[in-house]
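Hi everyone, thanks for making time. Let me put the structure up and walk you through a few spots in it.

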Amino acid sequence: MHDLPPELISSILGLLGRSDIGAVRGANKFLHALATPRAFESLTVIDTVASAQGFSRLQSIPDIANCVKSVVFQPPSSRPRSQLSLFAGSVYMFTEADRNKRDAVPLAFTALYKLPHLKSLRFVFHDMGDYHLSMQYAILKAASSAPPPSLKSLTLKHLSSVPSALYESWGFEDFLLPLESLSIDVLLREQDARELGEFWAQMTPILYASQSVTTLHLGSNMRIGIVPTLEFPTTALPHLTSLSLARIFFNTQDEPGCAESFILLHRGHLARLTLEDCPLYGRNRVWARPWAVVLAGLRSQMLALRSIAVTGLQYAYEDAGRGFRTSDAEVVGVDGTPDESALRALLAEVQA
């Protein structure tokens, strides 16, 4: 084994699973040195006291800390039944274990500066309503208090839509300044809908602050953007080349601050666009600018596009007392072009 070039051995190690890498590290000192960077290149921290404390210990070992390039924080894959039954209405009944975790987990993210080569940070928060909302803020506050110097990618999944002073703090803005990739998926509950506008108003300056971002994803578990109206930045992000929007309304009126206008701001350099389940809203079931018109506008103006994916071409309207409803009926464009034909023409233009 010592006769093989270290580069070849490293390539072989890259094909092994985590358990196999662990076995190789225990073989001898030579393989231990080669396998250690692979073993700790990507770490997953579970939302438990034991996992958080283990992560804290690893950050205090320089030889390991120097290897870490990616960290994922996520809930346990399975939750105890007792945890699922601790709700009283919408109020979570905290246990002693929760209190211990509320201290240990955020503490583990206060030392990210010890990971000099950490480039990707992904937070997958609980999707259990009020469960540990304060924990979510505590973790983000801890992570942004002393961020890793090389961080380039941040993912926030199941981010609560409840406004917080944290998002308006200088520390949080500084946390996002060096990012090249930012992904935000909002977890919206119906009872929080009234606060969504304030939350989005806090998020918009964050998008302005992320001037280095080349890849941006914005999404929600529910369709958002009409009530309350969500206004996008009216100034282009200068380096944005990839944009993904999920479950965000398009409006029949192409006005500054709407999703369509935000896309068109980047006509000169946006190369990749993904629209997932983004309905087109029409007041009183009237769509003055149907999808065919919107897609034709993208085709004629987004000349830098090299890749586009559009799923869920639908129309939506507001049904009093029932919220938003979708219509499966196709609305033909003003020139008689059906939506699907306009989409095929756009895809063909991009592929060409």
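Searching the whole structure turns up three cavities of 30 Å³ or more. A cavity here is a set of points, on a 1 Å grid over the protein atoms alone, where a 1.4 Å probe fits but cannot get out; the volume is the space filled by probe spheres set on the points, joined across faces, edges and corners. This is a predicted model, so local features need pLDDT of at least 70 and side-chain atom pairs pLDDT 80 or more, while totals for chains, interfaces and linings use all residues. Numbering runs from 1 along each chain as its sequence is written, and side-chain values use heavy atoms, without hydrogens or water.

Take the second largest cavity, at about 50 Å³. Its lining, meaning residues with an atom within 4 Å of a point, includes Trp 200, Met 203 and Leu 218. Which element gives the largest share of that lining? That's H10, with three residues.

Leu 218 comes back in another place: Leu 245 is in contact with Leu 218, among others including Phe 232 and Ile 263. Contact means heavy atoms within 4.5 Å, and that list leaves aside neighbours within four places in sequence.

Now Gln 59, in helix H4 (residues 49-59); helices are DSSP runs of H or I, at least four residues, numbered from the N terminus. Buried or exposed? Gln 59 is buried, at 4% relative accessible area, where buried means under 20% with a 1.4 Å probe, protein chains only. A polar atom of the Gln 59 side chain lies 2.8 Å from the backbone oxygen of Ala 108.

Methods. Helices (H or I, at least four residues) and strands (E, at least two) are DSSP runs, numbered from the N terminus. Buried means under 20% relative accessible area, exposed over 50%, partly exposed in between (1.4 Å probe, protein chains only). A polar contact is a pair of N or O atoms within 3.5 Å; within protein, one must be able to donate a hydrogen and the other to accept it, and residues adjacent in sequence count only if both atoms are side-chain atoms. On a 1 Å grid over the protein atoms alone, a cavity is a set of points where a 1.4 Å probe fits but cannot get out, and a pocket is an open set with protein on both sides within 12 Å along at least five of seven lines; lining residues have an atom within 4 Å of a point.
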